[in-house]
Amino acid sequence: QVQLVESGGGLMQAGGSLRLSCAASGGTFSSHGMAMGWFRQAPGKEREFVAATITWSTYSADSVKGRFTISRDNAKSTVFLQMNSLKPEDTAIYYCAAHLGWGTPESIQNPLWWRSWGQGTQVTVSS
């Protein structure tokens, strides 16, 4: 079982940047096929896909393309989410997720596909 701990959330004005980190332990983070992802959930809304990385491929939601970038440091068992040009609608709790196994671009966007979750970190963007 992989344990995930997110950090880096906070309050930011619109147009600003934040970098989220997710430290993984208890699993083979650098293994071929360990998928890592970010989801977010705003009050009263369902959890939605933000971005994911599997091996050398990355995927991101249309709503964050060009603004958010996912990356990973296998040596440190950490995945990052660089968020630029933040908007008030980006306000949500951001969750890190992990899954050891192959997925399609469609399956990785489904929260049910992911096996491990972090506790979440709050991101608030003021206008």
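A disulfide here is a pair of cysteine sulfur atoms within 2.5 Å. In this predicted model, that rule gives a count of one. The pair is Cys22 and Cys96, with sulfur atoms sitting 2.1 Å apart. The link between Cys22 and Cys96 is left-handed, with -80° about the S-S bond. It joins distant parts of the chain, since Cys22 belongs to strand β3 and Cys96 to strand β9, 74 residues apart. Neither end shows at the surface: Cys22 counts as buried because its relative accessibility is 0%, and Cys96 is buried as well, with a relative accessible area of 0%.

Next comes the nonpolar interior. In soluble globular proteins, nonpolar side chains tend to be buried together. The largest nonpolar core in this model takes in 34 residues, and Trp38, Leu81, Met83 and Tyr94 have the most contacts inside it. Several strands give two or more residues to this core, among them β3 (18-25), β4 (34-41), β8 (78-83) and β9 (92-100).

What about a residue in a loop? Ile108 lies in the loop between β9 and β10 (116-117), yet Ile108 is buried, with a relative accessible area of 0%. Its contacts, again not counting residues up to four places away in sequence, are Phe39, Phe49, Ala52, Ile54, Tyr59, Gly103, Trp113 and Trp114. Between Ile108 and Ser126, 18 residues apart along the chain, the C-alpha atoms are separated by 30 Å.

Side chains of opposite charge can pair when their charged atoms come close. The whole structure holds four salt bridges. One of them joins Asp90 to Arg40, with the closest N and O atoms 2.9 Å apart. Asp90 sits in the loop between β8 and β9 and Arg40 in strand β4, so this pair ties together parts 50 residues apart in sequence. Both of these residues, Asp90 and Arg40, are buried. Asp90 also forms a salt bridge with Arg67, at 2.7 Å between the closest N and O atoms. Arg67 lies in the loop between β6 (57-60) and β7, so its pairing with Asp90 ties together parts 23 residues apart in sequence. Like Asp90, Arg67 is buried. Through shared partners, salt bridges join Arg40, Glu48, Arg67 and Asp90 into one network.

Asp62 and Lys65 make another salt bridge, their closest N and O atoms 3.0 Å apart. Here Asp62 is exposed, with a relative accessible area of 67%, while Lys65 is partly exposed at 48%.

Terms used:
Residues numbered from 1 in each chain as written. Predicted model: local features only at pLDDT ≥ 70, side-chain atom pairs only at ≥ 80, totals over all residues. Heavy atoms only, no water. Core = buried A, V, L, I, M, F, W, Y, C linked by side-chain atoms within 4.5 Å. Buried < 20%, exposed > 50% of the residue type's maximum accessible area, 1.4 Å probe, protein only. Helix = DSSP H or I, 4+ residues; strand = E, 2+ residues; numbered from the N terminus. Contact = heavy atoms within 4.5 Å. Salt bridge = Lys/Arg side-chain N within 4 Å of Asp/Glu carboxyl O.
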